[in-house]
There are 2 protein chains.
Amino acid sequence: MTQNIYKVTILRLGHRPFRDKRITTHCALVSRAFGAERFCYSGVQDNEVVNVVEKVRERWGGDFKMEYVDKPLVFAKRFKESGGVVIHLTMYGENITDKIKDIKGISVKNLLLIVGGSKVPREYYEVADYNVAIGNQPHSEVSALAIFLYMLNNDCLKLEFENTKIKIIPSNNKKKVINL
Amino acid sequence: MTQNIYKVTILRLGHRPFRDKRITTHCALVSRAFGAERFCYSGVQDNEVVNVVEKVRERWGGDFKMEYVDKPLVFAKRFKESGGVVIHLTMYGENITDKIKDIKGISVKNLLLIVGGSKVPREYYEVADYNVAIGNQPHSEVSALAIFLYMLNNDCLKLEFENTKIKIIPSNNKKKVINL
């Protein structure tokens, strides 16, 4: 993969298979596409989501990992204790526009990005080093992750993945795909 | 609303109420939050999605409009004929990183952004003035719209909406909300 100085793990809270299946899948896909390494989720275990993302990885390359986490708050605390930086994406947080410079200025490049869940317990606001808002309007976990990852690394739209079986030849007028 | 020189309409193709309810809702919410004016969707009519977005608008302000479109290709063609610019967001397109300057350089500020639908018919590639990829990897309509709107107007994360009943006071450690 093209150089990405950040090692980003996502923690998606409170997955509900019936209601959240596609949102969680899209969260995972954008995380992979934009250069995160690992996607952890809590709530209810859902092999279907894991399989969809795994199939994308097999075809499109890279070594993105999906993982179920039983105790997400403990996971976040341990991540922090082990020296990583915890960033909670919430519309109640400080505007990312005002914080991204600070975040990119930290010497630690090992980041945990937490996304809700409808009601995120107070403890997550406390464990987070940064509570940042991708704008203070309601939108989506998917877009919040996308904008954060893009602001972290503007080159993320041009990442190259290893071990890919398929590749798009960008075109202004049709689908051009090569199978490798 | 804070000045946005662009008048952006979204056309979301092929909505299926059961499968796409939340994805389409999130597409609409991010479109509103990031400054689009109108969200049109084709496929199956779905009042539930419209109501969710309408409730957000009532509480959070602005005058974002939702609209069902019966003949989306005709709609796109008419948009173009009336002088607007049609941009189809597709992972098969040219990388947005290489095209955004061109797009921002056009004097026309009336844009139609088309997002799929799983299989987008060839005609949409043809009617589009630009087929652009938010990276050539699979991710999500939600993140594609978010990144495009953000690249079009970096100030979109700080838009202020009129007639809002609720406002967040950005905070690094808790939820602070004022009811107006």
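1. A definition to start with: two strands pair if DSSP finds at least two bridges between them. With that in hand, welcome to this predicted model. In chain B, 6 strands make up an open sheet, its order being E3-E2-E1-E5-E4-E6 and its pairing parallel. At the edges sit strand E3 (65-68) and E6 of chain B, each of which pairs on one side only. On average, and ignoring direction, neighbouring strands in this sheet are turned by 30° against each other.

2. Let us look at one pair of strands in that sheet. Strand E1 (residues 7-15) of chain B and strand E2 (residues 38-43) of chain B are joined in the parallel sense by 5 bridges.

3. Next, the helices that lie on the chain B sheet. Helix H3 (residues 72-81) of chain B lies across E1, E2, E4 and strand E5 (110-115) of chain B, and its run is at about 160° to E1(B). H6(B), for its part, lies across E1, E4 and E5 of chain B, at about 160° to E5(B).

4. Two helices of chain B also pack on each other. Helix H1 (residues 17-33) of chain B and helix H2 (residues 47-60) of chain B have axes that come within 10 Å and cross at roughly 30°. Because angles under 35 degrees count as roughly parallel, H1(B) is roughly parallel to H2(B). The crossing in which H1(B) passes H2(B) is right-handed. On the H1(B) side, the contact is made by Lys21(B), Thr24(B), Thr25(B), Ala28(B), Leu29(B) and Arg32(B). H2(B) answers with Glu48(B), Val49(B), Val52(B), Val53(B), Val56(B) and Arg57(B). By class, the residues of this contact are 6 nonpolar, 2 polar and 4 charged.

5. Now over to chain A. Here too there is an open sheet of 6 strands with parallel pairing, in the order E3-E2-E1-E5-E4-E6. Its edge strands are strand E3 (65-68) and strand E6 (130-133) of chain A, each pairing on one side only. Strand E1 (residues 7-15) of chain A runs parallel to strand E2 (residues 38-43) of chain A, with 5 bridges joining them. One place to look is His15(A), which has Gly43(A) as its bridge partner in E2(A). Packed on this sheet is helix H1 (residues 17-33) of chain A, which touches E1, E2, E3 and strand E5 (110-115) of chain A; the direction of this helix makes about 175° with that of E1(A).

6. How many residues of chain B are in contact with chain A? There are 41, and they meet 42 residues of chain A. At least two residues each come from H1, H2, strand E4 (85-95), helix H4 (96-105), strand E6 (130-133) and helix H6 (141-152) of chain B. H1(B) gives the most to this side, with 6 residues. Sorted by class, the side of chain B that touches chain A holds 21 nonpolar, 14 polar and 6 charged residues.

7. Finally, how the copies are related. Chain B is superposed on chain A by a rotation of 180° with 0.0 Å of shift along its axis, at an RMSD of 0.0 Å. This is the relation of a two-fold axis. Which residue of chain B comes closest to the rotation axis? That is Ser143(B), whose C-alpha is at 2.3 Å. The same surface serves both copies, as 100% of the contact residues of chain B recur in chain A.

Definitions and conventions
Residues are numbered from 1 along each chain as its sequence is written. Chains are lettered from A and ligands numbered from 1 in the order in which they are written. This is a predicted model: local features need pLDDT of at least 70, side-chain atom pairs count only at pLDDT 80 or more; totals for chains, interfaces and linings use all residues. Axes are lines fitted to C-alpha atoms, for helices over the stretch in contact, and angles run from 0 to 180 degrees between N-to-C directions. Helices (H or I, at least four residues) and strands (E, at least two) are DSSP runs, numbered from the N terminus. Angles under 35 degrees count as roughly parallel, over 145 as roughly antiparallel, 65 to 115 as roughly perpendicular and the rest as oblique. A crossing is left-handed if the near helix is turned anticlockwise from the far one by less than a right angle, and right-handed if clockwise. Two residues are in contact if their C-beta atoms, placed from the backbone, lie within 7 Å. Ala, Val, Leu, Ile, Met, Phe, Trp, Tyr, Cys and Pro count as nonpolar, Asp, Glu, Lys and Arg as charged, and the others, Gly among them, as polar. Copies are superposed by least squares on the C-alpha atoms of residues with pLDDT of at least 70 in both.
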